[in-house]
Amino acid sequence: MKALFYSLILLIIGACGSLRNEVDPSILSAGGEKLVVNGYISPQDTLLTVKVSRSKPALVEPSEAVPFVVENATVTISDGSKVVAFRYNSVRQFYQASIALMPIKTGQTYTLTASTPDGKQVSAQATVPKPVPISAINLDSTITTTGLAKTKSYRISFVWEDPATETNFYQYEGYLQWKDSKFTYPIGGQSEAPVPNIFVLQFNRDRATGNLLSDDRQQGSLLTSQSANVATISVQKSDPKAAEYVTYTYPGARVVAQLLNTDESFYRYTNAVFRQRQVGNSPFAEPVLIPSNIVGGLGCFAAYNRTEKVLPLK
Amino acid sequence: MRHVLCFLIGWLLLSPALAQLPNRFTISGYIHEAGTREALLGATIRVANRPVGTQTNTFGFFSITLPAADSVTLVFSLVGYGPQTRTVSLRQNQVLSVDLMPGQQLNEVVISEKRGQDPVSDSPQMSQIDLPIAQIKKIPALLGEKDVLKVLQLMPGVQKGSEGQSGLYVRGGGPDQNLIVLDDAVVYNASHLFGFFSVFNGDALKSVELTKGGFPARFGGRLSSVLDLTMKDGARDKLHGEVGIGLIASRILVEGPLSKPQPGRPSRSSFIISARRTYLDIVAAPIIKAQTNGETAAGYYFYDLNAKLNYDLGPRDRVYVSGYFGRDKFYANDNTNGTSVGLGWGNATGTLRWNHQFSQKLFANTSLIFSNYQFDIAANQLIDSQNRFVLEYTSGIRDFSIKHDLDFYPAPNHALRFGGQLTAHRFTPSAIVLQNNSLANIRREVDQIDVLEGGIYAEDTWKPDDHWRINGGLRLSSFTGAGVAYVRPEPRISMGYLLRPDLSLKASYALMNQYVHLLSNTGIGLPTDLWVPTTELVKPQQAQQVAVGLAKDFAAGGTFTKGLALTVEGYYKRMDNIINYREGASFLLIDDPTSARRVRWEDNVTVGRGWSYGAEVLLQKKEGRFSGWVGYTLSWTQWQFAELNGGRPFYPRYDRRHDISVVGMYDLSPRITLSATWVYGTGQALTVPTARYRAYGLSNGVDYTRNDQGNVTNVQSTLYTNTGVRDYGPEKNTFRAEPYHRLDLGMQLHRKRPTHESVWEFSAYNAYNRRNPFFYNIESKKQLNNQPDVTVLYKYSVFPIVPSVSYSYKF
């Protein structure tokens, strides 16, 4: 009996090894270096912009000597009849082409190719979807009272009618724009022109998809964006005319809602990137694979069509 | 529908006709354990020297109808009990009550594919596993906590998930596809401590039976398996008790007659009550308190309680009341800032059963059943002197059922069963109360959903001649509620053909429907797993399975071959409309309170299909001092979901090509039992990054230019970067983890006295200290001499060698 207890104690001591062990990296298949291409085109563009970068093996050695960005690629876009080459903008680190050279038209399919001197070549295609108009913007306000102060918050959401006969994918956005005319500071004796202000609306993130929406299971119905906070104004409790403060604080304020009718690869790619980042490094969550329509590479080349609706705030 | 009804009516009319044949008499009765008078299920009744026989049902009842004879010899037997022989004159119907003596410890028999000394080759049933509880207690277990589900994982066709988890993966199906019933009541979450232990306390169980294919018509409701657990009735002779002390939990059991038995007349009633509780929290409480100056109390515990009571109303009637209640609780309270957090979950079940014997050939059972599973999160935090944040989240499912079953034995070669069940489910996918003084009170409830699930069935076990063994039947399942209604027929057939008296070929087909679904986003037995009904958007799951097999009993003569049996089975299973969480979806159905849109759980799931095929070999030694088995499974499982892996098929995490288990028990002497198990399994199919890159997205931030007047024009979306995006390669789950293997060793020291018995048990889980992978993670690792960090792959394991000791005392 005694011997048994001793051997048990020995076993317990023996058990105190580490439960975290480094694994030989060779059990992972090496991904190799791939070209990563990102470009999104729409008829509303003024400048076509494409980013070319490279992937690195997951278990790479620390040297960041090789940068992610690829600066020596040849990037072209074609609509089937003519080919336009992009120019590299080394300040912004993007490949750019003027829309004048290659107008983007609804219904047209475009082919993007990128190649590097070391022989890597990738290509992708995208077709521009139809525009979908925004039907209405809804403006809500809520008043919260804390102590003597009242806080009035304005929120918007907007709706649109989903075309019934096709599968659609959307991204919605918006911004608040106003003229900051009251506060101008004379610089060098000269009064500066009024500074315009832009505030990008933060929509409540749909937990699964960010600002993306597909008409899956709601084909042809009236779709709604999440709501976004536009402005919050504090007023004294005794002052009932909160609304006037808006025009005072945000003169000439208007909300611009934007609806992007995107192609499927845009939706799948953006959605997956969003979800992969949301899952983070948790080993218990299912990893999110990021699909790519770049043949021979990674990333996304997609097309969308944007519509806008303006709501002046009074 | 009409054909089905005609078939059923025809069957019912025909069967009594068979029974009306002249000059036949019926012998019926009950088989009990001698002493405790516990009813014995699955005991075999055979006519000596003839291939005619039957078995007792769940309540120990049997009935056999034979041609008139001056003398008929019947042999009554059951694994672990000494056989008994009775010779009766068959000139009129007979009622026989037989008590079997529990066998010697040394003669006890290990897990058998079919209970009783009924050879595996003689039954049409295939793909069924029975676990005698006495054997579960011999097999070494993690921390000494004997676990029914983990022993089942050692059988071919049944696999474990991650290390230490009690969930069952049966023939390519997930833990959501198993129907787990305890005394007719469905147990919705069989996990304690996040799946490391199952809720079943072996002390209170009488039998455990798992069916993984060839389902008889009486079973329905899940795709992959039915795990039928029966609680002990309680001893009728005198008060018995058992106390067990282990490293993490203690157990107590008391059973006995309710009224004092008279000499020669056993008590008409008995009870059993058993309880188990962990005591980690009690041990840890003073330490936590001391370290936080008494400000913090935190802990975790689980307990479960089983109770059963039965009463003989008369020779033909008996009632049973049984219940289970279990709960896991995690809590943390901090007095300094008035914060308290709690997490709790548990099942409660209750069953009221009434046995009635209409005649010697017709036995009925009626059950009223209640089952409830609930999961709660509660958080309460003082934000400042005036404001308090309160969150209460509840999800769960509650059932009320009525079930009626009839067993009818018209002739020795027919055993009919028919009956039906109706269940009212109430689902509470989520109910949230959020209270925050600075916001208004928010109460958001996803509506409770009430649905009705039903099933009627008829089946016959038919032995037309000396070669054929057939179990055929039909189940009609139905579901109404949540805006949908279904009635679906489910044909079932199992056949055996005896090539030789000890060798048979078998084949079976079963179609199963599943109307309730489990949303589980981890594959680990978390309490957050959510049961949901079939709706307009989510169709019932359906599986079809065919299996063929061979069963061979070896000669009883040789020492080594005594009780040795071999079964080989091959199966193909197809599953449709199975559901899974979409990638990145979240379990807590908490939506944006300010949004007009409500979160629907349906939006978080994706529907797909799966298929699994493989072969299973089981070689068992059922009797003798040395007993045990060797199991091998070769299988392939694939899934295909519209929104996973780009719609292409992939191997799910628990696809396991090879699975081996070796279990051995050896009675060295009446005082010492040695046992060992060794398992091997192909590594899990995982998704591991192969590369990383920067993904540039289209910003919902804006890029704009200004014109000469300073007005903003040309508002454009811009490219923005997401760093650290991982590339997992084009296909999901292409990385295979290292194989899993483990050896467990156990030793039991028995001390028997006329009035009591004590057992010391020593065991070592993972005896050779294998570092089995639990998960892999990519992390950066610091380097010496200010070198930049490197990125490396780490393997995490859960259990090194875990020795344990436990003690139990029984009177």
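In this predicted model, the largest nonpolar core holds 81 residues, of which A:V37, A:V50, A:V52 and A:A302 touch the most other members. A nonpolar core is here a set of buried Ala, Val, Leu, Ile, Met, Phe, Trp, Tyr and Cys residues joined through C-beta atoms within 7 Å; buried denotes 20 or more other C-beta atoms within 10 Å of a residue's own, with C-beta atoms placed from the backbone. Strand β22 of chain A (residues 298–312) gives the most to this core, contributing 7 residues. A second, separate core of 75 residues includes B:V226, B:I272, B:Y324 and B:V532. In soluble globular proteins, nonpolar side chains tend to be buried together.

Residues are numbered from 1 along each chain as its sequence is written, and chains are lettered from A in the order in which they are written. Local features need pLDDT of at least 70, side-chain atom pairs count only at pLDDT 80 or more, and totals for chains, interfaces and linings use all residues.

Among the buried residues of α3(A) are A:F266, A:Y267 and A:F274. A:G280, with a positive phi near 65 degrees, follows α3(A).

In chain B, an open sheet of 3 strands has the order β4-β1-β7 with mixed pairing, where pairing requires at least two DSSP bridges between strands.

Methods: A residue is buried if 20 or more other C-beta atoms lie within 10 Å of its own, exposed if 12 or fewer, and partly exposed in between; C-beta atoms are placed from the backbone. Helices (H or I, at least four residues) and strands (E, at least two) are DSSP runs, numbered from the N terminus.
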